[in-house]
Structures are given as structure tokens and as C-alpha cells.
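Please consult the sequence and the structure below while reading.

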Amino acid sequence: MILAAGRGMRMRPLTDVTPKPLLRVQHKPLMQWPMEALHQGGFSRLVVNTAWLGEQIEQQFANWPQAHPGAEIAFSHEGQDFGYALETAGGISRALPLLGEVFWVLAGDVYVPGFPFTQARVDRFNASGLLAHIWLVPNPAHNPQGDFGLSADGRALNQADQKHTYSTIGLYRRALFETPWCETIPGNPQGTAAPLAPLLRQAMDAGLVSAELYTGPWTDVGTPERLAELNAS
């Protein structure tokens, strides 16, 4: 699942007329980078949630299946359905009927050109019985305190002396978005907007989230300046 529903307020005025995931990095729409990486890794079925200017995203990738043999793309149009974005956990809950028991989740506005999406990683997570496996990155200048810790045995920690930044890339088990962990009804018919962090922290405290540190190129394209830097390199 690629998260593409945000308004991108910090990217204005660029995002006044273009959804943030369609802003171009190195001559491609930003979210096309992970779409291509997932397809190369053998993950051909994509679910994309949208809200702000979501029709542009669907139009941009209308021919994606034809251009990528075996590919499928489904859209969860939160903006059309409810008039607003459902945040990360709410958006995943809404799209749950379109997802399998284990699935990737990543943000469509983060540039991670070399991240390897592999079936071996999915198989390893599937066998673990855990609720989530997330990738952390060294703290960028705009998030110096980090988000989560990492134990010596590879568990994600809610509390830690040293914290790293959540890359937005993770493997998730469907059960995390069902009772008793998540109060939102699967499919989120009522349109509850809910963040992901509280769910993750609850599962971390139960020892059910693993993590690892990714040190390859990674940029949260959160400002026009960061976008300009990427395109100048």
C-alpha cells in the first residue's frame, strides 16, 4: 500500500495544483520510484489511497498495468468517499478489504531510490508472527530526536535513549488493524481518521514489532527546498 492522501501543506504553493506524490524527482513523479521498485521486487498488486487531488493520481497511473505486465493497481479514494483524508491508520483500515494478510506500507512522498523490496523479507516477517517490521533511518536534520529505538535483538522500542527516524517503510500484519489492537471497523465504513503511531507504540510495548536500520539514500521530501536539492543532484 502506498500512502498518497496527504495535502502537503509545507510544499505549498507546489501542492496547490499538484498532489505531493506527483511532484517530480529526477524527471519522475515521486511515488513512481517506489512503484517501480515494488514491481521489480515481484510485488505487482498496488493499493493507493488518495484524498487531495486524488483524481490526478489515478489519471497519472491509468496505464500502469498495461505498461507493467502482471501489475494491478487499486485506489482507495478517501477524498471522494468522505471529503477528507483518513490519516495513516484510518487509511489502511479503509483499504483493508483490498489488502492481504501481510503487506508493505510506505509513503508516496519519501524518496528511497535503492530500497530493496524482496520476497525474502516478506517471508521472514510472515514467519515471525509479529505484527509489524519497520525500517528506521539515521535522524535527518529536521527530526533530530528520532521516533523509535532499536534493541540489540532487533525489536522496535517505544522508549529508548537513542532513537532513529521511522522511514515510513514497513511490513504489517492485517491483525494490527483489527481488534483488540485497532478500534476502527475493518473497511472503516464510518470514515474514522486515525494516526498509525499509537497503534505501533502499543504493539511495541507488547514486544510485537521488529525493526532494522536502513542507511541507504533516504529523503523525506517535506519542503520545496528538499525537492530542489534532490533535483539539483
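Val105 stands opposite Gly170 in E11. This is a predicted model, in which local features need pLDDT of at least 70, side-chain atom pairs count only at pLDDT 80 or more, and totals for chains, interfaces and linings use all residues. Residues are numbered from 1 along each chain as its sequence is written, and side-chain values use heavy atoms, with hydrogens and water left out.

The names of the elements follow DSSP runs: helices (H or I, at least four residues) and strands (E, at least two) are numbered from the N terminus. E6 (residues 102–107) and strand E11 (residues 165–173) pair in the antiparallel sense over four bridges; two strands pair if DSSP finds at least two bridges between them. Strand E1 (residues 2–4) also pairs with E6, in the parallel sense and over two bridges, and here Ile2 stands opposite Leu106.

E6 is mostly covered, with six of its six residues buried (under 20% relative accessible area, where exposed is over 50% and partly exposed lies in between, with a 1.4 Å probe and protein chains only). From E6, Val102, Trp104 and Leu106 point one way, while Phe103, Val105 and Ala107 point the other way.

## The sheet and its helices

Seven strands form an open sheet of mixed pairing, in the order E5-E4-E1-E6-E11-E8-E12. Strand E5 (72–77) and strand E12 (209–213) stand at the edges with a single partner strand each, so one side of each has no neighbour in the sheet. From one strand to the next the twist averages 25°; axes are lines fitted to C-alpha atoms, for helices over the stretch in contact, and angles run from 0 to 180 degrees between N-to-C directions.

E1 pairs with strand E4 (residues 45–50) in the parallel sense over three bridges, and Leu3 stands opposite Asn49 in E4. Helix H1 (residues 32–40) packs on the sheet and touches E1, E4, E5 and E6 (contact means heavy atoms within 4.5 Å). The direction of H1 makes about 155° with that of E6. Helix H6 (residues 119–128) lies across E6, strand E8 (132–137), E11 and E12, running at about 65° to E11.

## Cavity and pockets

Rolling a probe the size of a water molecule over the atoms shows where empty space is left. On a 1 Å grid over the protein atoms alone, a cavity is a set of points where a 1.4 Å probe fits but cannot get out, and a pocket is an open set with protein on both sides within 12 Å along at least five of seven lines; lining residues have an atom within 4 Å of a point. Grid points are joined across faces, edges and corners, and a volume is the space filled by probe spheres set on the points.

| Space | Volume | Lining by class |
|---|---|---|
| Largest cavity | about 70 Å³ | eight nonpolar, one polar, no charged |
| Largest pocket | about 950 Å³ | 17 nonpolar, 10 polar, eight charged |
| Second largest pocket | about 270 Å³ | 12 nonpolar, three polar, one charged |

In these classes Ala, Val, Leu, Ile, Met, Phe, Trp, Tyr, Cys and Pro count as nonpolar, Asp, Glu, Lys and Arg as charged, and the others, Gly among them, as polar.

E6 and E11 each supply at least two residues of the lining of the largest cavity. The largest pocket is lined by 35 residues, of which Leu3, Thr88, Ala107, Asp109 and Thr168 lie nearest its centre.
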